[in-house]
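Here is a short briefing on one protein chain. Look at the model first, then read the points below.

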Amino acid sequence: MLETEHPIDVDRLSVQKNISERRISKRESIKLIEETTLLEKRLCEAFDVFDNARNNEVDVRDLGTIIRALGCVVTEAELQEIQVQVEDVIKNCVPLNKYVEYMYKAISERKFKPAEPEELLKAFQLLDPDNRGYIMKDDLEKTLMEIGEPFTKDEVAEMMAVACDPVTKKVHYEYYINLLIAKIPKNINVYSIVDQMEQEKLELMPKRRRLESLLIEAEGKELNT
């Protein structure tokens, strides 16, 4: 009797093991799909522009340019904090994996996101009490370097190069805001990508629950056969 029951128990264990392995394989496949994201792709694209040696490393001096090319707004102080987190100090470089890990989390949490156009317009209008539609270069420079978290001279100079009319020395702020909006197309703007990913995730949730329910149901049937 014992000799005939033993193989049956072994067969049943074998079937259960096979089902468990298939379950793990299916769920790992779903997880892999979720982990391959548009955001990671965009982060890598921006990084690759400066990875001239194609060794998944960039010069630490290029980090600010890469981050700003993504559409992130970072001060020099914030950039130094990011550098501490991602830099390989021995090689004086930024490895791709550390950069992607940090920036993926930061952008998903909406850190370094530019102000909305409406918020920018209100801020400029506070500096234009007469509602002239422009601010003089010297007045804006003084404000930027003295109020709140001050801009550096380089940051102010970079802004003025784009925003200021070199002849009249006026900053027509609505025009400048429009330039900022148009600067990064929506399809490569990382914050737009995150919004899109979250929307797609919400839309897929009912389908995923249904898929998992079908998998559990099929596994239960196999166990009972």
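Axes are lines fitted to C-alpha atoms, for helices over the stretch in contact, and angles run from 0 to 180 degrees between N-to-C directions. This is a predicted model: local features need pLDDT of at least 70, side-chain atom pairs count only at pLDDT 80 or more, and totals for chains, interfaces and linings use all residues. Residues are numbered from 1 along each chain as its sequence is written, and side-chain values use heavy atoms, leaving out hydrogens and water.

**Helix pair**
- Helix 4 (residues 76–86) packs against helix 5 (residues 96–108) at an angle of about 130°, and their axes lie 9 Å apart.
- Helix 4 is therefore oblique to helix 5 (angles under 35 degrees count as roughly parallel, over 145 as roughly antiparallel, 65 to 115 as roughly perpendicular and the rest as oblique).
- Ile82, Gln85 and Val86 of helix 4 meet Lys98, Tyr99 and Tyr102 of helix 5 in this contact (heavy atoms within 4.5 Å).

**Overall fold**
- The protein chain holds 10 helices and four strands (DSSP runs, numbered from the N terminus: helices are H or I, at least four residues; strands are E, at least two).
- From the N terminus, the order is α-α-β-α-α-β-α-α-β-α-α-β-α-α.
- Of contacts between residues at least 6 apart in sequence, 65% join residues at least 24 apart.

**Burial**
- Of the 225 residues in the protein chain, 28% are buried (under 20% relative accessible area, with a 1.4 Å probe and protein chains only).

**Annotated region**
- The unreviewed UniProt entry carries the annotation "domain: EF-hand" for residues 38–73 and 115–150; such annotations may be inferred rather than shown by experiment.
- Residues 38–73 are 50% helix and 8% strand, with end C-alpha atoms 20 Å apart.

Terms used. Buried means under 20% relative accessible area, exposed over 50%, partly exposed in between (1.4 Å probe, protein chains only).
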